[in-house]
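Have the structure open as you read.

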Amino acid sequence: MRKSGLVFLVLVMLILGQSMALAASQWTGVVDRIEKTMNQSLAVYKSGDTAAAKKLVNDAYYGIYEKDGFEKTVNTTVSSKRANLTEYKFSVVKKLMTNQAPDTQVKKEIDEMIGMMREDVVKMGGGSKEQDSWESFWPAFLILVREGAEAILVIGAIIAYLIKSGNGHKTQTVYYYSAAAIVASFITAILFRSVVSLSGANQEIIEGATMLVAVAVLFSVSYWMGSKSDEKSWNRYIEGKVENSLSSGNTLSLGAAAFLAVYREGAEVVLFYQALFNNAGENMHMIWLGFAAGTLALVIVFALVRYGSLKIPTKYFFQGTSILMCCLAISFAGGGIKELQEAGVIGMTQVEGSPTIALLGVYPTLESMLPQLVLVLIVIGNFIYQKKKKIREVVV
């Protein structure tokens, strides 16, 4: 209950903070640039060069809509469903071009998409894109806290688990993996921007693949912890297997989970900060101030999660942590598929009437919902199996 209350408090803080800070952001200039690029794409398409036209659509999406933070701002200040629908419009335009649709049909989709963006700008505050110093501070603060909080939930649960199992000395493995992930995040961002010059699509592919790998790790750890929530199972494990398992496989698995959780969020933070610096002008010092404030906030959140979870009884701790990691795995599955959809690797079939819940990784596409449904069925099946297993043990 304490951890649930903490998570709820953090989420409320982020939502309120984003609503207050980001409402003042000015995005008209960004939409103007997107419209200009999309109109160029339409002109090129009319000339018969479909490949070049689609490349311009990608430039508008990856180089402006995502890079300048418009997508994230719509997601947090308007709605995640609205952001998802706008993304879908980009893919519709490219699909129409691939199918050699009439110019008028392509133009209609572009006009509708730009119209949606301008409506969103009104909801976000409108005006020109001139920023004051605090409009540089708040995005830097909020993006760090929002992205870091998710990684902290995973790391805090892993560390608390090791301490509760009498293996507190092995927590250094988690810290090492987390530190390595931070270094890897910076290296990846440098490669993206300076050496490899990967396109936005390739960036999405790497992020999506990373999330799907994290799904496998988190799901396996969730299953293991769930199987040890029963008092008898836990005592048997402590008596005969804990040292061997932790010294070989499980510590490395938990370390890998920590690495993936931090790496994915860290790379995204570094890349987003690069976009902030590009638009900061004379307010660069406010970005660093926002970074410092966000770091302090994350330290406080980590301490609360880390020490608060140690007060939870072992049985409920393992059950709660297992559920948490399972939920994160399902969320990552939806998010990973979404990243691959944005990269054009996986198709996008809209499910009309389906909700968009970005926090849970739920998006209204058939391709993202099916894997999540499979995972949910696996969870239900495992729950039934564990119940029957306990009944048989009682009978014996």
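## Helix α3

How many residues does helix α3 have, and how far does it reach from its first C-alpha to its last? Helix α3 covers residues 50-66, which is 17 residues, and reaches 23 Å, close to the 24 Å expected at 1.5 Å a residue. (That expected span is 1.5 Å times one less than the number of residues; helices here are DSSP runs of H or I, at least four residues, numbered from the N terminus.)

Several α3 residues are buried, including Leu 56, Val 57, Tyr 61, Tyr 62 and Tyr 65. Buried means under 20% relative accessible area, with a 1.4 Å probe and protein chains only.

## What you're looking at

This is a predicted model, where local features need pLDDT of at least 70, side-chain atom pairs count only at pLDDT 80 or more, and totals for chains, interfaces and linings use all residues. Residues are numbered from 1 along each chain as its sequence is written, and side-chain values use heavy atoms, leaving out hydrogens and water.

## α5 against α6

The axes of α5 (residues 80-98) and α6 (residues 103-124) come within 9 Å and cross at roughly 160°. That makes the pair roughly antiparallel (angles over 145 degrees, between N-to-C directions).

## Gln 372

Over in helix α14 (residues 366-395) sits Gln 372. Gln 372 is buried, at 7% relative accessible area. Leaving aside residues up to four places away in sequence, Gln 372 touches Ile 330, Ser 331, Ala 333, Gly 334, Leu 360, Gly 361 and Val 362.

Definitions and conventions:
Axes fitted to C-alpha atoms, helices over the stretch in contact; angles between N-to-C directions. Helix = DSSP H or I, 4+ residues; strand = E, 2+ residues; numbered from the N terminus. Parallel < 35°, antiparallel > 145°, perpendicular 65-115°, else oblique. Buried < 20%, exposed > 50% of the residue type's maximum accessible area, 1.4 Å probe, protein only. Contact = heavy atoms within 4.5 Å.
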